[in-house]
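The exercises below are each followed by a worked solution, and they are meant to be read with the sequence and the coordinates open.

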Amino acid sequence: MCNTKKLLFFIFILFTPILLYSQTSNDSLRVLKEVILKGKPYQEVIPVQSLSGKLLENLASHNVADALRYFAGTQIKDYGGLGGLKTVDVRNMGTHHVGVFYDGIQLGNAQNGVTDLGKYSLDDMESLTMYNGQKSEIFQSAKDFAAASTIYLRTKRPVFTGTKKTNLLVRYKTMSINYIDPSFRWEQKLSDKLSLSVSSEYIKSNGEYKYRYKRNNLDGTVAYDTTATRHNSDIEAFRFESGLYGKINKGSWDAKVYYYDSDRGAPGAIVENKFSDGFRQYDKNFFAQGTLVKDFTEKYKFQAKAKYAYDYTHYVARDTTNILGETVTEGAQSDDSYYQQEYYFSAVNMYSILPTWDVSLSTDFQYNRLNATRRGIQTLFSYPQRYTGLFSLASSYRLGGFKVLGNVVGTYVQEEVRFNAKAPDKQEFTPALFIGYTPFKEYDFTVRAFAKRIFRMPTFNDLYYTMVGSSTLRPEYMNQYDVGFTYNLPVEKGFFDKLSFQIDGYYTNTKDKIVAAPTGNLFRWMMTNIGQVKGQGIESVVNMGMHFGKVNVATNLTYTYSQSRDYTKFAGLELSSYGDQIPYTPWHSGSGIVNADYKTWNFNYSFIYVGKRYNGNVNNIKVNEVQPWYTHDLAIQKSFVFQQYKMKGSVELNNVLHQQYEVIYNYPMLGRTLKFIISIEL
């Protein structure tokens with residue numbers, strides 16, 4: 001089948017339900033109820049955590065990755081430096097199993113399957129929301145249903161008060177480590193049904209910071225103890241995005257354009273007294289996307305989404321040993337450029353059979369291609385292309401205190417390559433079932449449980465990377481189970497305004513895990529399906545709202561216990577790490593946020609703790625231990641008016657105790673830093 005025919009076929013599947021539909025009664029109120037339920041955790045079927053409003057705005061964090069640390073069950077892999085890679089892992093299932101959605105459409109990376117969250121600023125964020133499993137609604141795309149966990153980044157939408165038609169916010173940040181960050185956001189009301197937003201940000205820093213590098217021998221004696229400066233941690237980045245928001249009869253639409261350009265260094269590991277190695281990365285990321293939502297009748301609701309994305313990555317790294325098995329001279333570099341393109345279309349149809357019974361059909365089509373130019377590697381690049389079709393059939397039913405949600409996702413994948421062997425076509429079906437029950441009418445108490453099967457497609461790097469990839473890889477399969485409850489205590493008198501508890505226990509089982517295994521040549525590894533990982537844990541969240549006179553206090557506390565063990569066998573034999581905790585999985589972790597408002601003043605304190613874990617050197621032995629780390633952050637803000645201009649000044653102190661710590665072994669993090677922020681609203 002030619003490429004044009006494939007595209008037409010998938011588009012026909014996407015929009016066939018519209019051509020066939022012919023029924024009616026209004027479901028817009030029901031969808032509105034689902035949105036309202038998001039604010040009432042006791043009615044959610046699926047575990048949800050959210051940061052929004054003042055709590056998010058006043059948090060002493062300035063990119064999405066830093067803010068997500070305050071969600072129970074999440075681990076951020078941070079390789080240090082202002083420009084270093086930052087990815088998120090939920091319940092130790094792996095970063096590839098986390099779907100990150102930007103204004104409702106997933107951020108993709110077919111090459112390596114991970115999203116660098118350090119690129120996304122909090123300046124324009126309205127809310128961050130994380131679901132284990134998926135949303136508690138069925139009016140969503142097939143991609144939403146297909147992820148093991150989902151994180152939704154929702155940017156601010158224009159809001160105009162009174163007769164005002166223009167909002168302008170100018171902000172400037174600076175830090176104690178040679179850092180500048182000017183930004184602005186402009187919102188314009190074009191008509192009663194149309195508004196526009198434009199925002200931009202520029203970041204520049206040499207990224208240099210001092211750190212202490214200390215290592216002990218097994219007998220406790222000091223092996224290394226020195227203070228050095230972290231180099232190759234500079235960044236120069238520019239972000240621009242614009243949104244257009246419109247209203248139509250019984251519906252709405254929006255369109256967004258996003259561009260990010262960066263030149264950044266990522267410092268290497270501190271090993272063998274090397275303090276300056278690392279790599280440089282040059283990025284150009286662009287996407288344009290749009291969403292349309294409309295009630296065609298009282299019972300039938302439709303949603304369409306589309307996206308085009310182009311990503312350019314230029315990667316330069318020192319490699320003094322070998323490049324994929326080919327010996328090179330001392331000081332040589334790998335110098336690779338990659339070009340990704342993505343086309344995505346989605347159609348969602350929801351129909352109300354009864355006031356308490358809804359069904360939906362979602363169909364998605366996605367096309368990805370990857371080109372590359374590489375120096376020093378003679379093997380032909382595969383130049384892969386991937387056609388992905390997804391559909392989801394879902395239903396939700398409410399009866400008294402019960403709510404049941406179930407769905408099945410079907411996925412079809414076909415690939416083409418210019419050179420080398422291509423991966424076989426893949427067809428998968430994965431079901432999910434969610435149950436929630438509110439047993440007492442007089443109490444905001446709900447219990448819930450879910451079971452979901454997920455798989456992840458091998459990435460282009462897994463399948464086609466020279467001398468490493470394996471085109472015969474099978475998808476990675478995972479079963480996830482969850483049981484939990486949420487209780488909102490009734491608050492009528494006293495200083496409490498809100499008090500809620502959320503506790504969940506979970507179990508995961510991953511089979512056919514994709515791992516890198518050695519071949520006959522130690523310098524040449526190969527991706528293969530040999531792994532099995534079993535995980536279990538408990539997540540707890542406490543939210544409190546209080547007032548003491550004119551002082552309003554909001555707190556968010558989390559604690560996570562997690563155990564995730566490797567049961568990998570190779571050629572039928574147990575590996576030496578069999579039964580060990582997988583790398584960088586702490587048994588204990590937690591966080592806390594306390595935010596206090598008094599008139600025009602705001603005070604914020606936040607705390608993060610990550611317990612003992614092991615590094616990536618396979619075995620759980622003493623020499624591979626990574627010590628616990630914790631940070632304390634403080635922020636004070638003052639709002640005031642100057643000549644009719646609203647202004648806000650902030651002072652932030654991060655890592656107050658100047659703890660020397662590592663998220664990833666041998667990658668030292670920033671110590672104490674002081675940040676100043678001034679913003680003017682016109």
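**Exercise 1.** Leaving aside its neighbours within four places in sequence, which residues is Gln 303 in contact with?

*Solution.* The model is predicted, so local features need pLDDT of at least 70 and side-chain atom pairs count only at pLDDT 80 or more, while totals for chains, interfaces and linings use all residues. Residues are numbered from 1 along each chain as its sequence is written, and side-chain values use heavy atoms, with hydrogens and water left out. Start by placing Gln 303 in strand E16 (residues 300-318), strands being DSSP runs (E) of at least two residues, numbered from the N terminus. With contact meaning heavy atoms within 4.5 Å, the partners of Gln 303 are Phe 139, Gln 140, Ser 141, Thr 291, Leu 292, Val 293, Ser 346, Ala 347 and Val 348. Finally, Gln 303 is buried because its relative accessible area is 8%, where buried means under 20%, exposed over 50% and partly exposed in between (1.4 Å probe, protein chains only).

**Exercise 2.** Locate Gly 207 and decide whether this residue is buried or exposed.

*Solution.* First, Gly 207 is found in the loop between strand E10 (194-205) and strand E11 (209-216). Next, its relative accessibility is 0%, and therefore Gly 207 counts as buried. Not counting residues up to four places away in sequence, Gly 207 touches Leu 82, Ile 177, Arg 230, Ser 233 and Asp 234.

Note on methods
Helices (H or I, at least four residues) and strands (E, at least two) are DSSP runs, numbered from the N terminus.
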